[in-house]
Amino acid sequence: MAWVTWRQHRAHAFGALGLLVALAVAAVLTHLPIASAFGHDSLSACLPSAPRTGCDIIVPHFESEFSGLVTATRVMAVLPLLAGLFVGAPLIARELEFGTYRFAWTQGVSRRHWLLSKTALLAVGTLVAAGAASLLVMWWRSPFDQLEGRIGPSGFDIEGIVVPAYALFALALGVLAGLVFRRTVAAMTATLVAFGATRALVADFVRPHFVAPLHRVIAAPSTSAVPGDWVLSNTLVNAGGQRVTAGNEELAVLHAQQAGIDPHTYILTLGWKRIVSYQPAGRFWTFQLFEAGLFVALAVALILVTLWLVRRTPV
Amino acid sequence: MSAPPLVAQGLGKRFRRRDWALRDLMLTIPKGGIVGLAGPNAAGKSTLLSLAAGLLAPSEGSIEVFGRNPLQAPEVLAEVGYVAQGAPLYRSFRVADTLEYARRTNPRWDTEIAIELLTHIDSRAKVGALSAGERARLALALALGKRPRLVLLDEPFASLDPLAGRELLQLLMDGVAELGATVIVASHVVADIQRVCDHIVLLSSGCVRLEGDVEELLDSHRLLTGPRRPLGSIRGVREIVRERYSGRQQTLLAITDGPIADPSWTVDPVSLEELLLAYMAPERLPTPRRAEGIPLRWHG
Amino acid sequence: MIEFHLDSQSGVATYLQIVRQVKDALRLGTLDVGDQLPTVREVVADLAVNPNTVAKAYRELEHEGLVVARQGRGTFIARTLAPASLQHHEELREELERWLALARRAGLDEESIRALVSTTLRESLARRVA
């Protein structure tokens, strides 16, 4: 089945290779000004662990200079989905649509063997390609990661081991969708929706709770984020520990302004505190393991369901 | 080794929310014959072949190929050569690729047999660029190259011109002679299969209307023509299959069990096509035909 | 080597047609003792007929002692049919031609002649069997 899989999917392999090469070229070209600015401004001395004076000016300046590019790299979050759309969804759907399953499934290999071999081989290819993309992003983002950490949402899902895990999940999702919907376009749509929904749900509701978040009381004014950490929430509580509503907070600020006092100092004298709930930067790899593990487990479950369903599906 | 190539018992197949494509089918195909599966469109021929090829699961009853359920024991598919209607193949593959595909997915692949069917076809040609006749030959080559013990062909002659059809039939017969395989050919055109079949199974609306050895069927049926008159029992006639009237004449298609002594009847043999048409007619009883006494079931 | 042909419209079983063609060839002298008949595969590939049918025809000929099958080498003519019948053929042929002239003068066309001959032949054979 190795030859069969290669012959039927070599276009995908070349496409992925081409895409990676194009991305690598773009990455190298766009990284040059970044690296030069980083070195020129000695931003390596501004890392969160030991910032020197003046960093609070040059760091934001650096970040805003390249904020467009950083935002643009968010598109890499779509990459794992491509495995599901273009490799996974057509796998079975195309055979059913064009009737070639009547040829493929009547040779000397069982449907399950056919499916398992193809999926396993394509999974390996997917993992390799996604891994390469992840490494590329990690290299490109390293200046920003050093300055602002990567456990936060802007970097977490396009770096590290989660990227291959997402891709594997998308692949498995696509294959199952192809079997259930029997038409490539419908399968692709379903894959897109399911992948997006799952990723969003996990990112918003599951990921914050992989490990119990830490809490920090901020006496400093406003909502300054500690660079590198991932802030989950920021709550103002009164002296009794109860949450202060936005309405009451505004009232206090107004009151302070009328009295001519600095609002932040006034809030402090009231005994109010800001409690920040966050995940520290050092937990990055732990979180990566949790999330990657979750998506790999989902992928395996989907593949098992597909294997079970493929034999039972009356065509 | 001793299990017959195909046994269906109480086999039924229903697709979602539709009528039964096959209902309560009882059939045994003996080893080594060439069986014609005849019947009009939507008779259930394709459904039966798909069930035998392990592409469908029965809704009720069972089907066994060489004693095994093709869905539960997929290794039996290595012994079955199946060509679906329209001979679906990967259009973007070259001929050589398709052969390689078959070689790698079938344990008993024999390139020699396959190549014999592919004379004058360029192995580097894309499957999508082949003519209908060439594609049919390729599909047959892929089926026979597996060295199957059972060959299932679903309307192989549809969309072929007479020359290509004759060529395909020649190649099929040659392949069968070499392999000693059992063949089931489904076709709604009787003339295509009449030439080669020893046995016939007539399906209509999901039921077997007629089955038996072709020679015995033709021997046991006669066309009686005579002046129109009320019918009593006719000596030599076991059963009347169909009656036709026109003007002062009546024609009967009858199962005979002896010579027709009454000289007022002109007795003629009946062609296979005529016989099948008569049994397909809607005024026939819906229950499957199985007349006692006539050896309609053949044995091994 | 003899080449067979099949008349699929004649209503005569294929294997009988093959047997008859071998016998005709023997009578006409185009096949002689020791000549090899085409292999089953050759006949099948040429005529597109069931291999069992050809095998049946060859078995029938073997049963009548006209051919002998040598394992692995083929089927060969074992004896010929009396050539004396050739002579009778000539007389029969001339009589037939005279009859045909009569039929044509009576106004029968080719189709009608064929129909008359087939029906009469069938009935006479049936009478012989009955």
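Two residues are counted as being in contact if their C-beta atoms, placed from the backbone, lie within 7 Å, and this meaning of contact applies in the legends below, which describe a predicted model.

**View 1. Contacts within chain C.** Taking the contacts in chain C between residues that stand at least 6 apart in sequence, 56% of them join residues at least 24 apart. Of the 130 residues in chain C, 21% are buried, and the C-alpha trace of chain C spans about 55 × 30 × 30 Å along its principal axes.

**View 2**

**View 3. The contact between chain C and chain B.** This contact is made by 15 residues from chain B together with 13 residues from chain C. On the side of chain C that touches chain B, at least two residues each are supplied by α2 (40–47) and α3 (51–63) of chain C, and α2(C) gives the largest share, with 4 residues.

View 4. Chain A is divided into domain 1, which takes in two stretches of the sequence (2–212 + 284–312), and domain 2, which covers 230–279. When the centres are taken over C-alpha atoms, those of domain 1 of chain A and domain 2 of chain A are separated by 41 Å.

Technical notes:
Residues numbered from 1 in each chain as written. Chains lettered and ligands numbered in written order. Predicted model: local features only at pLDDT ≥ 70, side-chain atom pairs only at ≥ 80, totals over all residues. Buried ≥ 20, exposed ≤ 12 C-beta atoms within 10 Å, placed from the backbone. Domains from an automatic or database assignment.
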